[in-house]
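Here is a short briefing to read with the model open beside you. Take it one topic at a time, and find each element on screen as you go.

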Amino acid sequence: MATNLVILESPGKIVTVKNYLGSNYKVIASVGHIRDLPKSSLGIDIDNGFEAHYINIRGKGDVIKELKKEAKKADKIFFATDPDREGEAISWHLASILGEDSKKAKRISFNEITRAAVKEAIKNPREIDLNLVNSQQARRFLDRIVGYKVSPVLWKTVKSGLSAGRVQSVATKIIVEKEQEIQAFKPVEYWTIDATLTDGKRKNISARFYGSKSKRIKLKNQKDSFAILEAVKGGEFRVCDIKKGSKKRLPSPPFITSTLQQEASKKYNFQSQKTMKLAQELYEGINLGAELGGVQGLITYMRTDSLRVSEEAQKSAKEFILERYGDDFYPSNARVYKSKTNAQDAHEAIRPSNLKLEPSVIKKALSSDQYKLYKLIWDRFIASQMESAEISTVVVDFENNGYVFRSSGYTVSFLGYMAVYEETVDEAPAGVDDAFDPEKNNKIPVISGNEILTVKKIDALQHFTEPPPRFDEASLIKFLEEKGIGRPSTYTPIITVIISRGYVSRDGRFLKPTQLGEITTKIMNEHFPDIVDYQFTAVMENRLDTIASGEEALSEVLSDFYKGFSSELAKAESKLAESAPEVPAEETDIICDGCGSKMIIKNGRFGKFAACPNYPKCKFTKALNKDGTLVVAKKTEIADFKCEICGSDVLIRNGQFGEFYACSNYPKCKFTKTKVVTVGVKCPKCGDEIVSRIGKTGKQFYSCINYPKCNFSTWDLPVNEKCPKCDSILLQKKNGILACSNYKCDYKTKG
């Protein structure tokens, strides 16, 4: 029997894909990239056509060995890495390392992990697309060149530890400029007059001062407001105009990566990293139980900028809508959405893989957050294929002593897509008066022309315009997308990097620049203006797309970039050497116990810490948590037994491998003993007890009681069950899956 080898990128997909293929298919994973540029050097020969020097990634030796072993035994090899440029590059690296010819080794890809999609991909293998590979390489080379050439200049001339990234520097600049805009903002006074009108019975209507019959009047001060208030008090409010209208409200298109991240942030306050992690889990597959077909991939590929939907998916949506809601809720023609002109359009929009798997049907198999995101994707897709909603609007004007007050509102006369889903709308900033937009106001009771109402309550209120809000992740991603900066797969890494490197910090859900981010942006603006120019960055993204389509060569694009960049680099190095800007120390409110000064933030081998600014006269330091708060020292606990050697008290201490007992008479007495909690499972390596420990980061893990002599350890809870395939112990994952502790074994089952 022929043996076929399928190599995936993520081990999380193994069970799902294997579930769809026969016994003559071996399914394994590369666990991401297996080769990369070296960390110790640039790794790119700029003078020789930008030739790359790739090396095997440290720690991937066992994976590569296993891949080669299985490849030799296989008659056919299918590279089934993710269906994007990164996945194409991983397949290319795999082909290079395995050394197999294109007759035996082929590329397959699927936009959704369903039985039909996987089998269709196996039937239609193709060659590796070198244009996509080169586009990925070009992005990697650009980022590497900027990072490895600019950062050393900053180290030598400004401050050690400063670094610069190509797109990350632009994202930091965006947040810095927003902060500058906020700081420069000057509030402007304005007033509103709000009235509650009544007919003396049950009818109450809210109305706001609009102006006169001929024009709108904006109130800028108390004097004008009080004059109008005085003029209308005690007077009658007569209906002088009623405008009724109707309009259709179109559904939003299905999600792409950026809109999914934005909506999940608005609705559930999910950070983009969390959204993409959950989406990855839904894409790779969830065990739904035997009655629903076992492990199923629930959504299509989640890194996409295309609004395209397959005819098959449109047909399934039509059948569902007609059956569930009726003919009136389906449009006369299937909805087709047009992607942006700069979209790669490599995949469909994000949608459910199988409409029969409704959120309510599979809710029990999903975690709370998985369910929220799946339902969001499901509802948005179904709504995107439905008939428009019909809105009836009404605007009523009341006249009193020549002044007009306006009330506006709407009713939904036909729900259409709103029966399923309604997009979250951003709130208008203070100072933008949307009170007269009928679609954003309450229902108005039935009222007739010339009807007279009286005032139940009326107030003149002072307001001030507010500065624009800081970016949160959703609004930053929207801005990046609008400017053409980055692509679906890069939004989350961009945000992660600028926060982890200390250029941006979180203030609640908002992002604000740090002092380091502001000074780095200033340097980049002055000395590397092209690198942080929005338009320049967007043009580079478009040129990466032309490499992917085969219109331009990698070397041509990189050469054009490097000509201008090398010139900027030389000028910057010279200017910075002459007069490098001083990076001020980041001051804190923490008081030094040694001399009473305000401490400053320093970067050390193990991260940030607070140090006295008077070093070396005062060498006092304090440990900081990752969020910049002080580490509170844990009170030393005394154990409930005495030292087995000298009889002194025994203290509970924290060490590299968790808590342990130590004699209080240390260093005279060196008695120690591991403090552990057994979990009732034997170590698969040495047969001794597995215990629960708390590591130095405060995170719980499980290991052999003889750790580190016996190096068995895991983050997941070992259970007293054996793998039916290889007899290793099973691990209880956080998502409820039981998985084999032997990474070479692919056994998984629902716990």
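Two strands pair if DSSP finds at least two bridges between them. Helices (H or I, at least four residues) and strands (E, at least two) are DSSP runs, numbered from the N terminus.

This is a predicted model, in which local features need pLDDT of at least 70, side-chain atom pairs count only at pLDDT 80 or more, and totals for chains, interfaces and linings use all residues. Residues are numbered from 1 along each chain as its sequence is written, and side-chain values use heavy atoms, with hydrogens and water left out.

**The whole chain**

- The protein chain holds 17 helices and 34 strands.
- Its C-alpha trace spans about 95 × 75 × 65 Å along the principal axes.
- Of the 751 residues in the protein chain, 48% are buried (under 20% relative accessible area, with exposed over 50% and partly exposed in between, using a 1.4 Å probe and protein chains only).

**A hairpin and its neighbour**

- Strand 14 (residues 389-400) pairs with strand 15 (residues 403-414) in the antiparallel sense, and 11 bridges link strand 14 to strand 15.
- Within this pairing, Glu399 sits opposite Val404 of strand 15.
- The hairpin of strand 14 and strand 15 has 2 residues between the strands, and Asn401 takes a positive phi near 55° there.
- Strand 15 is also joined to strand 10 (residues 204-211), by 3 bridges, and these two run antiparallel.
- Phe209 has Phe405 in strand 15 as its bridge partner.

**An open sheet**

- Strands of a sheet pair through backbone hydrogen bonds, either parallel or antiparallel.
- Here 4 strands form an open sheet in the order 27-28-29-30, with antiparallel pairing.
- Strand 27 (677-682) and strand 30 (713-714) are at the edges with a single partner strand each, so one side of each has no neighbour in the sheet.
- Strand 29 (residues 700-704) is joined to strand 30 by 2 bridges, and Tyr702 stands opposite Thr714 in strand 30.

**Two packed helices**

- Helix 8 (residues 257-268) packs against helix 13 (residues 473-483) at an angle of about 160°, and their axes are 8 Å apart (axes are lines fitted to C-alpha atoms, for helices over the stretch in contact, and angles run from 0 to 180 degrees between N-to-C directions).
- That angle makes helix 8 roughly antiparallel to helix 13 (under 35 degrees counts as roughly parallel, over 145 as roughly antiparallel, 65 to 115 as roughly perpendicular and the rest as oblique).
- Ser258, Gln261, Gln262 and Ser265 of helix 8 make the contact with Ala474, Ile477, Lys478 and Glu481 of helix 13 (contact means heavy atoms within 4.5 Å).
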